[in-house]
Each structure stands twice: as C-alpha cells, then as structure tokens.
Amino acid sequence: MTQQPTTAPIPWTTIGMVVAWYGSNIGVLLLNKYLLTNYGFKYPIFLTLCHMTACTLFSYIAIALMKVVPLQTVKSKVQFAKISGLSVVFCFSVVCGNVSLRYLPVSFNQAIGATTPFFTAVFAFLIIKKREAWLTYTTLIPVVTGVIIASGGEPSFHLFGFIMCVTATAARAFKSVLQEILLSDEGERLNSMNLLLYMAPIAVTCLLPATLMMEENVVGITIDLARKDAKLIWYLFFNSSLAYFVNLTNFLVTKHTSALTLQVLGNAKGAVAVVVSILIFKNPVSFVGMVGYALTVLGVILYSEAKKRYS
C-alpha cells in the first residue's frame with residue numbers, strides 16, 4: 001500500500017497576515033467611502049495627503065527604527081528622479097480613486113478596478129512593446145465586456161465618478177509598467193516597503209500645494225468639524241493608519257505565500273469587498289450589474305491563468 005503524501009498545514013501566522021491584509025484593504029476602502037460620502041467629508045485630496053503623511057511616518061518607524069526590513073539607500077540622483085516620477089503617478093492614482101468614491105458605490109468601484117490587467121497589457125504593449133500570447137489577449141475581452149455590462153446595469157452610475165475611477169485604474173496600471181522600466185536595474189530595485197519609504201514623502205510634497213489650491217481652507221474646515229464631532233480626528237487617524245497597513249500586510253503576504261496564492265486571494269478580496277460594502281451601505285444593485293462584475297472577475301482569473309501558462 002502506497003502512502004499518500006500529506007499536505008503541510010498552513011501556518012497560523014500566514015492566515016493571520018491574510019486576514020490582516022483583507023481587513024486593512026477592505027477597511028480603508030469602506031472608511032474612505034464613509035468619510036467622503038456618508039459622513040460628508042468632501043476633501044479627497046486632503047484625505048490622500050493624510051494617507052501619505054501616515055505612510056511617511058510609519059515607514060520611517062518600521063524601517064529605520066524597528067528594522068522590519070533592511071534599509072535600502074537611494075544611490076544616485078537618477079534613481080531618485082525615477083522614484084519621484086513613480087510617486088507622482090502613484091499619488092495621482094490614489095487621488096482619482098478617492099474622488100471616484102464620492103460619486104460611485106464601492107461595488108461598482110471594485111468592478112472598474114478589476115480591469116487593471118487590461119490597462120497593464122495595453123501600456124506594456126505601447127511602452128515596452130511587450131507582446132502576450134493571443135489567448136492571453138482574448139481573456140481580456142470578458143474583463144472589459146463585464147464592466148460595460150455592469151455600467152449599463154448600475155443604478156448609481158455617475159459619469160464623472162466613472163471617468164475618475166477608470167483614470168485611477170489606468171494610472172495604477174501605468175505605474176506598474178513604469179516601475180518595471182525605471183527600476184529594472186538590479187542595483188536600483190527596491191522592495192515595496194523601501195519604495196514606499198521614499199515615495200510617500202515625495203507624494204506629500206506634491207499633495208500639500210494641490211490641497212491648498214484645490215481644497216481651499218480645508219485645514220480650518222476640518223478643525224471646525226472636529227470641534228463639533230471629535231470622532232472625525234479618530235476616523236482620519238484610523239483611516240490613514242490603515243492606508244499604511246495595506247502596504248505592510250501586502251508585503252508580508254507576498255513574502256509568505258506564492259504568486260499564485262496571491263492572485264487567488266486578490267481576486268477573492270475584490271468580491272468580499274463588494275459583498276461587505278453592499279451589506280454596510282445598502283446601495284442598490286441590479287442583477288445585470290452583478291453579472292457584469294462576475295464576468296469581469298472571471299476574465300481576470302482566465303487572464304492570470306493564461307499569463308502563467310504562456311510566460
């Protein structure tokens with residue numbers, strides 16, 4: 001009788017990291033939505049500034065003081081310029097995403113966000129002439145078709161919010177392609193924690209003047225609101241802290257799981273966020289909209305499988 005190989009149990013630390021990753025990702029998304037829509041705090045650029053300020057402080061504490069990961073230094077002005085370019089694209093994508101949450105429900109926001117692979121493939125082809133197998137491109141058809149169907153069946157469709165969300169998704173994909181180009185040199189490559197350490201303060205310097213110019217007197221308004229409701233300060237602090245822990249837990253989950261596991265978890269995370277947001281905010285959803293979202297997620301899964309097979 002042959003003995004069946006036993007599967008090693010998943011360590012509790014890994015399970016805890018995945019739960020923390022899900023909690024921080026979904027938590028920051030839902031709290032962003034609550035603040036920008038339900039609470040009435042209509043300042044997405046200032047909210048992003050709070051996020052980046054927290055990322056700056058927590059990154060320094062985690063790397064310089066707590067030594068969570070070894071500090072990687074910037075070795076040249078050219079490397080710093082590349083990181084600065086990535087930081088501008090990064091904070092632009094976050095601002096657009098936060099702006100879109102003022103106008104769109106989380107469920108529809110996630111459906112559009114799931115099209116990131118489509119934009120990544122387009123930018124990779126246009127910028128670095130990276131070609132995929134024809135079957136890989138074919139899997140992108142349901143990704144885009146699903147969002148078109150979801151848009152037609154979305155009861156809370158808002159054109160400006162839709163444009164902002166598509167822009168955020170495209171910018172996120174553009175950043176990933178740009179990062180592949182700019183930090184392709186082995187000597188310049190940084191892990192995600194060190195990259196955030198350098199990108200976050202640059203993002204703060206970009207967002208600060210943008211906030212002062214485009215969201216006039218937002219600091220004074222926030223102070224006045226906090227005097228009326230002290231919970232606002234705690235909302236902003238907790239929300240900004242979660243924004244950092246999204247990056248920290250993503251790094252830890254990536255480190256302790258395989259790339260395939262990360263893909264599966266990422267696809268499931270979007271679906272969980274949709275279900276939780278509908279339960280909390282009770283936004284109307286249509287059957288057509290849910291079919292469209294399901295088709296997009298199916299397309300993303302097929303795209304991941306095709307990439308794995310033909311890479």
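This is a predicted model: local features need pLDDT of at least 70, side-chain atom pairs count only at pLDDT 80 or more; totals for chains, interfaces and linings use all residues.
Local features need pLDDT of at least 70 and side-chain atom pairs count only at pLDDT 80 or more, while totals for chains, interfaces and linings use all residues. Residues are numbered from 1 along each chain as its sequence is written, and side-chain values use heavy atoms, with hydrogens and water left out.

**View 1. K82 and E188 form a salt bridge (a side-chain nitrogen of Lys or Arg within 4 Å of a carboxyl oxygen of Asp or Glu).** The closest N and O atoms are 2.8 Å apart. This pair links distant parts of the chain, 106 residues apart. K82 sits in helix α3 (residues 77-101). E188 lies in the loop between α8 (159-182) and α9 (192-214). Helices are DSSP runs (H or I, at least four residues), numbered from the N terminus. E188 is buried (under 20% relative accessible area), at 12%.

**View 2. D224 pairs with R227 in a salt bridge.** Their closest N and O atoms are 3.5 Å apart. Both residues belong to helix α10 (residues 218-228). They are 3 residues apart, about one turn of the helix. R227 is exposed, with a relative accessible area of 68%. D224 is partly exposed, at 38%.

**View 3. E305 and K308 meet in a salt bridge.** The N to O distance is 3.4 Å. Helix α13 (residues 287-310) holds both side chains' residues. About one helical turn separates E305 from K308, because they are 3 residues apart. E305 is partly exposed, at 36%. K308 is also partly exposed, at 43%.

Note on methods
Helices (H or I, at least four residues) and strands (E, at least two) are DSSP runs, numbered from the N terminus. Buried means under 20% relative accessible area, exposed over 50%, partly exposed in between (1.4 Å probe, protein chains only).
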